[in-house]
Amino acid sequence: MDKLLNNFRQLGSRARDIWSRLSLNQKVLFGGAALMIVIAVAVLAFNSRQVQYEVLYNDLSEKDAAAIVDQLNENKTPYKLEENGATILVPSEVKYQTRLKMAGENLPQGQAGFELFQQNNFAETQSDKKVKYQEALQGELARTIQSLGKIKAARVHLVLPEPSLYSDKEEQPSASIAITTKDNETLTPQEVKGIVHLVANSVENLDPQNIVIVDQNGDLISDNLPEGDGSSTDLVKQQMAMKKEYEKEKQLAIQSMLDETLGKGNSVVRVNVELNFNDADQVDKKYTHDPDGTFVRSEQLTAESGTNQAAQQEGVPGTDTNVPQYTEVNPPAGNSSYDKSSKTRNYEINETQTTTKFS
């Protein structure tokens with residue numbers, strides 16, 4: 001032990017001797033290098049202790065976020081909340097394990113669907129079951145709409161009147177749908193029409209005319225949808241819907257540009273466009289002669305020849321055969337020959353056809 005202490009004392013004395021022999025610049029360089037090494041070691045130690053967080057779920061409802069946080073606290077899993085609690089982050093090394101645990105707890109649930117009927121309650125009345133069915137149907141429709149590419153979130157509200165004994169007093173069901181699109185994208189009329197018919201075919205006796213859809217800006221987007229049955233009235237409706245959609249697209253583009261330049265709320269944009277829906281075809285035909293000579297398109301040659309032998313006529317009724325005084329009763333037999341030929345030749349000229357469409 002004493003020998004080890006003596007070695008350390010000798011090393012310390014040697015280091016002091018070497019340090020005393022160094023110039024001022026050398027001492028500054030050695031001090032700076034030692035300080036950089038200490039800082040690097042400290043940074044590495046800090047990074048090794050720092051936990052990397054990744055997104056577990058985002059765009060959660062308050063109900064799902066609260067249920068997931070309760071499960072994380074119960075499992076003692078560290079987490080962070082962002083975007084007012086709509087996004088939950090967990091350490092990257094337990095991300096997928098945590099997702100599997102949440103799936104085992106049927107989280108996140110989103111809007112409740114037909115799984116509501118998995119919970120039996122013997123005290124439920126017939127009215128309670130009708131309300132549960134309506135809530136489950138609304139949840140299933142919302143889930144289906146949210147599965148579409150441009151849809152971020154959806155809420156469906158159904159009005160299902162009680163059936164009436166009198167047909168003239170029976171009320172028709174209706175539906176109201178509120179959607180939020182991803183990155184403020186705009187749905188095309190055909191996409192809105194698809195949502196309308198999806199809901200109409202999912203609810204009994206629901207007329208597509210009784211379905212209203214609004215977007216995150218509160219704009220009614222289910223109005224003036226193209227029908228496409230071919231009548232002139234529907235054609236005008238399609239053209240007006242196309243005009244309105246084009247105006248809205250240009251208005252949003254100009255408004256976004258002005259908002260970036262002048263600030264949001266400092267400008268108002270109105271767009272009015274005129275679209276030409278005329279549809280016409282123009283066909284031009286030109287015929288030219290081949291400078292190298294005529295061009296034979298098709299040719300047909302027919303040649304026929306032969307010999308006919310006329311048979312001798314016998315027993316021909318009349319005077320020549322019944323009066324004995326006439327010596328030549330029947331004319332003698334004879335031969336005949338014939339030759340026949342025909343030629344058909346079709347000539348072709350150059351033709352150029354140009355079709356121009358105006359729409």
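Guide: Let us begin with a definition: the expected span of a helix is 1.5 Å times one less than its number of residues. Please keep in mind throughout that this is a predicted model.

Visitor: What makes the reach of helix α6 close to the expected one?

Guide: Helix α6, residues 189–200, has 12 residues, and from its first C-alpha to its last it reaches 16 Å, which is close to the 16 Å expected at 1.5 Å a residue. Within α6, the residues V192, K193, I195, V196, V199 and A200 are buried.

Visitor: How do you know that these residues are on the same side of α6?

Guide: They cover an arc of only 160 degrees around the axis, and therefore they lie on the same side of α6. The cover over these buried residues includes α5 (126–146), β5 (174–181) and β6 (211–214).

Visitor: Why is T87 called buried?

Guide: The word buried is used for a relative accessible area under 20%, and T87 has a relative accessibility of 4%, so T87 counts as buried. This residue lies in strand β3, and, leaving aside residues up to four places away in sequence, T87 touches V55, Y57, N58, D59, K80, L81 and E82.

Visitor: How much of the whole protein is buried?

Guide: Buried residues make up 18% of the 359 residues in the protein, which has 8 helices and 10 strands.

Visitor: Which residues of helix α3 are buried, and what do they pack against?

Guide: In α3 the buried residues are D64, A65, I68, V69, Q71 and L72. They cover an arc of only 160 degrees around the axis, which puts them on the same side of α3. These buried residues pack against β1 (53–57), β2 (80–82), β3 (87–91) and α4 (95–104), and the strand β3 named here is the one in which T87 lies.

Visitor: Which exposed residues does the face of α3 turned away from its buried side carry?

Guide: That face carries E62, K63 and E74, and exposed is the word for a relative accessible area over 50%.

Visitor: What is the reach of α3, and what follows this helix?

Guide: Helix α3, residues 62–74, has 13 residues and reaches 18 Å from its first C-alpha to its last, close to the 18 Å expected at 1.5 Å a residue. The helix α3 is followed by K76, whose phi is positive, near 60 degrees.

Definitions and conventions. Residues numbered from 1 in each chain as written. Predicted model: local features only at pLDDT ≥ 70, side-chain atom pairs only at ≥ 80, totals over all residues. Heavy atoms only, no water. Helix = DSSP H or I, 4+ residues; strand = E, 2+ residues; numbered from the N terminus. Buried < 20%, exposed > 50% of the residue type's maximum accessible area, 1.4 Å probe, protein only. Arc of directions from axis to C-beta. Contact = heavy atoms within 4.5 Å.
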